[in-house]
Amino acid sequence: MYSAPTESLIKQAREIKEDELQKFYGRVFKLLHSKDQGGDTVDSLQRLHLILSATKYSRELPSDLASKLQTVLCSSSSPEQLQLLSSSILREISLSVHSLWSNVSQDSRTISYVASVVLSQAGNKEEVMPVCHHLLKSLESRLSEAQMSKHTLPILSKMISVYPDILTDDQVNVVSRKMVDWLRYASMQQGASVSSGGFFSGQRARQPAPLMEVDGVVTGDFFTVLCVGQSYTEDQWMNMYTFSMIRSWLLTFDAGGTSNAESDDRSEVDSSVMSMVSATSSSSRLLPPKERLREKTFEYCQRLIEQSDRKALKRTDTELQKACIVESVSIMDIICGEDPSYVYRAFPCIKALYGRLNGDLAYSRALIPIAQFYLNHSEMAAVDSEAVFRQLFGHCPAEQFNEPMLAFEFIQFCLLNTSTLQARVTTYRQSFPNLLKLLAWNSPGLISEFVELLPSLVASDTAIELLHTILDLPCLAAALDLQHRSSDRTSWDQQGAKVAACLDAFRQPFYRGLFLYILRPEVGTGDTIDRLRVLHGILADMADSPRVVRCAQVIPVLLHVYFNTVIQISDEKLMNQLMLVLLERSGLLYNIRTFHAEVQRVFSTHLQTLCKLHPSLIVDQSRELLDFVGSPSNIYSKEDFYTHVVWVIGEYLSVSYDTRCSVELITSFFESLEAVLFEITQVRQSASPPSFSPRLITVLMTTLAKLATRSQDLIPRVSLFLSKMRLFARSAPVTACYSEEDSEEIITRAHELINLLKLPNVAQFVLAPSAGGDGPRWHRDTNTSLPQSMRTISTLLHRHSSVLPT
């Protein structure tokens, strides 16, 4: 995160010894008492601040040093740099808020620094009240331009963000009046600047010059943050500060409408009428303070949107125009939410703005608040918003996936409006391939947001394609990387031969269909592509790319969220499709280190849940399951998942779960698993050691025994087979690979199963309990509980073996 020199400084600050620290405190104390407080004092205070802020726990300053820092902070004669450093240091320690505020001077700059310390130290609203009253008193008084504090509003904004209820209704009205004056009636001349007198001695003051628009034209309307000048007056600075905090002010104090008695008595219709009248006459001065602030803020935002259409002469002004559009539309959205009568005045402006910005990628971030405005108010204004959301979801993520700030704001917009988007915007769920591009490029920075967002994208008609898309996310990250590099010749020329080969394939028409599908902007006509292995081969050289690896690391998390959501959908057809995807994709994954194992582990976990909720899936997908478990090659490439598939077959292939479960079907599964177990347990002295775990052997043996209890003609076959497992476990290749405990586990399990199968009815009860065997009664009633039965059977088998049939 930090550069090496910075890391070194932080480490030194954390590891400084106590005796050295005390000496340093004394040196700082002496420097603060010296008359010449120059560079050494500043450097020492900067180092002291680093030492205090570099550790998680708070350090204690000597009382005399802390007192001296408070004196420097509260004295208006102290240099501003020392006041700023003193304020930063005092925010890192504990001190008395009351003693700090009692010694402050009346200088506005000093008050602002002291107030910042008070806010950081205060534990409740009462401790901040003196600061609040002082700030409000300074706002109410008529100050000259030289006395006006540019620091008042930032401190007040911070204060209400921490304590929203700190102001009374009367105080809110006072501030609202002042904000109206600063927003609407700031000076239209540039601030007086002092320039060199040339060959004359001394200095002379230039005459105030008019303000300019960003395109160089003289400003003809009221002052806004987009007016350009060489210097600004104090009231112009207050105008800028007011605009920067107006959104939080409206959200905090305008939600309940106006607060005075006069406005409370009016109906909503009267309020709307007054707002409409104020748009065309000077009667806005008669409005209550909150409504008047709302009116003037609306006019201010309209003027900013008009100014943003001018061609800026400087790039910095262009960026400022973009920021002002975002802020203005957001503020107008808030105002329309509080007073619906503004909707009809705002929509022509917003619609024209969208028409101007639509298609301009440089203004993509501005489309998000515009879309929010349409989402909130298009129904009331009877305006069609489909084109806006098609542009937003169809083009922004596809063309600007590599803009981190846009990606974050885009996903935040989706999270804020999830329920509304699901209900009213059909494009939302259809565009999940585009939304996942943001995650593919910016993971894992957006993983927490997508964990929250993903359930809203799951629907019965697109759930399978969504699962394929999640599994192909590393391929998408690689394809986006190639797309980005293919448009940047400089970046391409600096890459190695491996990436260059992938870029060549990316440009070949033969592979165009593969990349068009993986980069599709919305849901396709199918679930996935038939030539997925071909795509994996093309992108094989990018499997080690940091972006691809990071993307692969977030997929297990997404899969857990996906499965936990999709199993809540009661759709048998979907569940059957889901089972097929698990079998198919367990081995069809992008070849990234550890990726296969992690995905298969997630598949294994949710396969059990899926079959427990829908046990009929075993019969429905019997053909595919037989093909899967009958192939020993699946053991070596996906052992964990294979083991779980075998387990669910033994657990749920029963007539108690599905009446379609015939003896022929049970026999088919038995013979397939028997053949696999026989093949992998062949005892040959020249055979290589087994590459699978003992757990697979025990699960296969147990599953065969379970199936045999449901078709008892199979019991002799499985008993004979189990009797040979001791020979396998004691063979040289096995003992060379497995530990003594593993071998004993195999032998013990085989012996237990043989003994159980000697009593078929008991074996069926133990190995294949009825579907209700895990119900609450089995755990409450000790006379019928499964543990009690197991203890009885164990006694019969081990202590009274003479009573068993031979």
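Let's start with Trp-237, which counts as partly exposed because its relative accessibility is 29%. This is a predicted model, so values such as that one are computed. From this tryptophan we can move on to its ring partner, then to other aromatic rings, and finally to a pair of helices.

**Aromatic pairs**
- Trp-237 teams up with Tyr-232 in an edge-to-face aromatic pair, with 5.7 Å from centre to centre and 75 degrees between the planes.
- Tyr-232 is partly exposed too, at 24% relative accessibility.
- Another edge-to-face pair joins Tyr-652 and Tyr-657, with centres 5.2 Å apart and planes at 75 degrees.

**A cluster, and charges over rings**
- One aromatic cluster brings together Tyr-562, Phe-563, Phe-603, Phe-628, Phe-641 and Tyr-642.
- Arg-547 lies over the face of Trp-441, 3.6 Å from the ring centre.
- Arg-47 does this with Phe-24, at 4.8 Å from the ring centre.

**Two helices side by side**
- Helix α5 (residues 80–90) and helix α7 (residues 108–121) have axes that come within 9 Å and cross at roughly 10 degrees.
- Angles under 35 degrees count as roughly parallel, and α5 and α7 are therefore roughly parallel to each other.
- On the α5 side, the contact uses Glu-80, Gln-83, Leu-84, Ser-87 and Leu-90.
- On the α7 side, Arg-109, Thr-110, Tyr-113, Ser-116, Val-117 and Gln-121 take part.
- Sorted by class, this contact has four nonpolar, five polar and two charged residues.

Technical notes:
Residues are numbered from 1 along each chain as its sequence is written. This is a predicted model: local features need pLDDT of at least 70, side-chain atom pairs count only at pLDDT 80 or more; totals for chains, interfaces and linings use all residues. Side-chain values use heavy atoms; hydrogens and water are left out. Axes are lines fitted to C-alpha atoms, for helices over the stretch in contact, and angles run from 0 to 180 degrees between N-to-C directions. Helices (H or I, at least four residues) and strands (E, at least two) are DSSP runs, numbered from the N terminus. Angles under 35 degrees count as roughly parallel, over 145 as roughly antiparallel, 65 to 115 as roughly perpendicular and the rest as oblique. Contact means heavy atoms within 4.5 Å. Ala, Val, Leu, Ile, Met, Phe, Trp, Tyr, Cys and Pro count as nonpolar, Asp, Glu, Lys and Arg as charged, and the others, Gly among them, as polar. Rings of Phe, Tyr and Trp (its six-membered ring) pair if their centres lie within 6.5 Å; planes under 30 degrees apart count as stacked, over 60 as edge-to-face and the rest as tilted. Buried means under 20% relative accessible area, exposed over 50%, partly exposed in between (1.4 Å probe, protein chains only). A charge sits over a ring if NZ of Lys or CZ of Arg is within 6 Å of the ring centre and within 35 degrees of the ring normal.
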